[in-house]
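Me: I have a model open and would like to go through it piece by piece. Can we settle the terms as they come up?

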Amino acid sequence: MRRSAEERGGGLSAAPPGAAPPGAARPRRGRPEPGAAGSRDRSAPRRPAPQPWPRARPPLAAAPRRACWPRSWGTVRSPGDKSLGQGLHVLAIAFALEVSVGKTNTVTALNNSNVLLPCTFATCIGFQDLVFKWYFNTTELIYHGKIKAKTTEPTLVWHNPRVEFVGSTTKKDNNISIMLNGVEFSDAGKYTCYVKNPKERNAEQNATIFLTVVHKMVETDNTVTIIILSVVGGLIGLLILFMLIKRVVLFIIKKMQDGKKECLVSSSGNDNTENGLAGSKAEQKAPPKA
């Protein structure tokens, strides 16, 4: 026979601690009663609601175009602006330092002569310990100079014996031109003027000029130009002469017409006087006294 549960377990098993006795109503799930463990005290100040994440900053407005862009554009104010700030900083430096070789980048020189290779640079924030170099065909160094400040002339570091510095940086233009003496046909090629300004976080710029060496200078045939200018000048001269003749003729015609009018008036007055008509001089005599 099967034994009952009381006999197997030696009586009713003890209820676990905290369990409701048999037959007791179970508490409903929901908000805990006031004062119970885990209930929230409504008198306590509430925790502030979490604030939403800040929206992304609007893009920077485009700055007016001018010769030099401010360096403050490179300032990074937040991690999200890091890449933008670096890009603007590089762009500002690129516009701050400029190197130029003039309006044209080609020079023609006669064999065995001296030729000037022009180069100037400009910077808006000044320079200090500036370095400039001249290269032939990109790799061969022919002149190396250094400028301490605006008030000092460049100092020579190294140069080719045939290259002479002829510029000046203490005047208005920062001129770093060089003179190439005894030009040969092998000197024809590309010359690069390179400038580095440590004051602008080592900003670097360069400009290129091409040299052509010829045996004889070819004279330009200006015959067609001279003919065209002569024809145009002749037409303009004829037009001016025609206008002068027209003015003289009109002046003479006007004088002749004025003379004819005076003759007609004087002749009509004489006729009236002779015939004793009204308006003649005979009527203008004073009446005889009584």
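This is a predicted model: local features need pLDDT of at least 70, side-chain atom pairs count only at pLDDT 80 or more; totals for chains, interfaces and linings use all residues.

Me: OK, back to pairing. How many bridges join strand 2 to strand 12?

Reply: Five, and the two strands run parallel. Strand 12 covers residues 203-214, and its Phe210 stands opposite Thr106.

Me: Which residues are on the covered face of strand 2, and which on the uncovered one?

Reply: Val107 and Ala109 make up the covered face of strand 2 (residues 106-110). Thr106, Thr108 and Leu110 are on the uncovered one.

Me: What is the strand order in the open sheet of three strands?

Reply: The order is 1-4-9, with antiparallel pairing. Strand 1 (97-100) and strand 9 (174-175) are at the edges with a single partner strand each, so one side of each has no neighbour in the sheet. As a general point, strands of a sheet pair through backbone hydrogen bonds, either parallel or antiparallel.

Me: What joins strand 4 to strand 9?

Reply: Two bridges, in the antiparallel sense, with strand 4 being residues 120-123. In strand 9, Asn175 is the bridge partner of Thr120.

Me: Zooming out, what does the chain hold in helices and strands?

Reply: Three helices and twelve strands. The chain has 290 residues, of which 20% count as buried. Buried means under 20% relative accessible area, exposed over 50%, and partly exposed in between (1.4 Å probe, protein chains only).

Me: Different topic. How many disulfides are there?

Reply: One, joining Cys119 to Cys193 with an S to S distance of 2.1 Å. The cut-off is a pair of cysteine sulfur atoms within 2.5 Å. Cys119 lies in the loop between strand 3 (115-117) and strand 4, Cys193 lies in strand 11, and the two are 74 residues apart.

Me: Why is that disulfide called left-handed?

Reply: Because the torsion about the S-S bond of Cys119 and Cys193 is about -80 degrees.

Me: Are the two cysteines buried or exposed?

Reply: Cys119 is buried at 1% relative accessibility, and Cys193 is buried at 0%.

Me: What does Thr192 touch?

Reply: Thr192 is in strand 11. Leaving out residues up to four places away in sequence, it touches Lys133, Trp134, Tyr135, Asn206, Ala207 and Thr208. Thr192 counts as buried, at 11% relative accessibility.

Me: Now charges. How many salt bridges does a search of the whole structure find?

Reply: Two. The criterion is a side-chain nitrogen of Lys or Arg within 4 Å of a carboxyl oxygen of Asp or Glu. One of them is between Asp129 and Lys148, at 3.3 Å, N to O. Asp129 is partly exposed at 24%, whereas Lys148 is exposed at 51%.

Me: And what does Asp187 form a salt bridge with?

Reply: With Arg162, the closest N and O atoms being 2.4 Å apart. Asp187 is in the loop between strand 10 and strand 11, and Arg162, 25 residues away, is in the loop between strand 7 and strand 8 (163-165). Asp187 is buried, with a relative accessible area of 8%, while Arg162 is partly exposed at 29%.

Me: Which other residues does Asp187 touch?

Reply: Besides Arg162, Asp187 touches Phe136, Leu180, Gly182 and Leu211, not counting residues up to four places away in sequence.

Methods:
Residues are numbered from 1 along each chain as its sequence is written. Side-chain values use heavy atoms; hydrogens and water are left out. Contact means heavy atoms within 4.5 Å. Two strands pair if DSSP finds at least two bridges between them. Helices (H or I, at least four residues) and strands (E, at least two) are DSSP runs, numbered from the N terminus.
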